[in-house]
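Please look through the sequence and the model before reading on.

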Amino acid sequence: NVRLGPGTAGQVLNSGGAGANPSWAAATAVPAWVDEGSVSWSAETTDKTITFTNTGKRMYMIQIGLWTTVSGTIGLRFNSDTAGNYDFTTISTVDATVTNTAAATSFTLASGNSVRGLYGDLYVGGTNGASGGIAVAFNLGARGVSPVKGEWKGSANTTSANILVNGLTTTGFVHAYSINA
C-alpha cells in the first residue's frame, strides 16, 4: 500500500485501475447551463422574443410559466421563421387524442377551450443536424392540448425563440439557457 499525500485545491483523486496506485489530478470542467435571458409579461398581449447571446450551442433549455385570462393558443417559433417548417405531435390531456401536425408555421405549445396556464420546459437542439432539422423535446403541462415532440426544419442554427401569445392577456415568464455538452 502506498500512502498518498494531500492534493492541492481543485484536484480530484483518480483511480489507477486494478492493481495501480491512485493519484491526484486536475478536475475536468463540467459543462454548465449558461443564462441566455428571459422575457416576462404582466397582463400584456404582445408576442416576445429571446435572442440567444451564445449561438451555435449544442442545446437550449426554455422554461415556461405563463397564465392567460381567457382560453386560446400559445405558440413558439425559432429565428422568426414563419415558413411551414414545424412538425410536431400533440396529445390532448382531456381525451388522450394524439395528433401529428406537419408543415405548420409555429409549434403549438398549448391550445384549447380550457387552456389558461402553461408551465414546464422544452429542450431544443442548437445546431442543424445531418437530418436537416433541429429536434425539440417538450415537457410541458397545460390543460387542453400540449406537444410531446417536434422538429424545426429551419435552415439555420437556433439563434432566438419567439413566444406567441396571440393577443391573449398574459402574465408570466419564459427563460432560456444554453449548454455545449
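A salt bridge is counted here when a side-chain nitrogen of Lys or Arg lies within 4 Å of a carboxyl oxygen of Asp or Glu. The model is a predicted one, and by this rule the count comes to 2 salt bridges.

| Salt bridge | N to O distance |
|---|---|
| Lys48 and Glu44 | 2.9 Å |
| Asp87 and Lys153 | 2.8 Å |

In the pair of Asp87 and Lys153, distant parts of the chain are linked, since the two residues are 66 residues apart. Asp87 belongs to strand E7 (residues 86-92), while Lys153 sits in the loop between strand E12 (145-152) and strand E13 (160-164). Asp87 counts as buried because its relative accessibility is 18%, whereas Lys153, at 38%, counts as partly exposed. In the other pair, Lys48 counts as buried at 18% relative accessibility, and Glu44 is partly exposed, with a relative accessible area of 27%.

The nonpolar side chains can be followed next. In soluble globular proteins, such side chains tend to be buried together. The largest nonpolar core of this model has 32 residues, and those with the most contacts inside it are Ile62, Ile64, Phe78, Phe107, Leu109, Leu122 and Val174. Strand E11 (residues 134-142) gives the most to this core, contributing 5 residues.

Notes: Residues numbered from 1 in each chain as written. Predicted model: local features only at pLDDT ≥ 70, side-chain atom pairs only at ≥ 80, totals over all residues. Heavy atoms only, no water. Core = buried A, V, L, I, M, F, W, Y, C linked by side-chain atoms within 4.5 Å. Buried < 20%, exposed > 50% of the residue type's maximum accessible area, 1.4 Å probe, protein only. Helix = DSSP H or I, 4+ residues; strand = E, 2+ residues; numbered from the N terminus.
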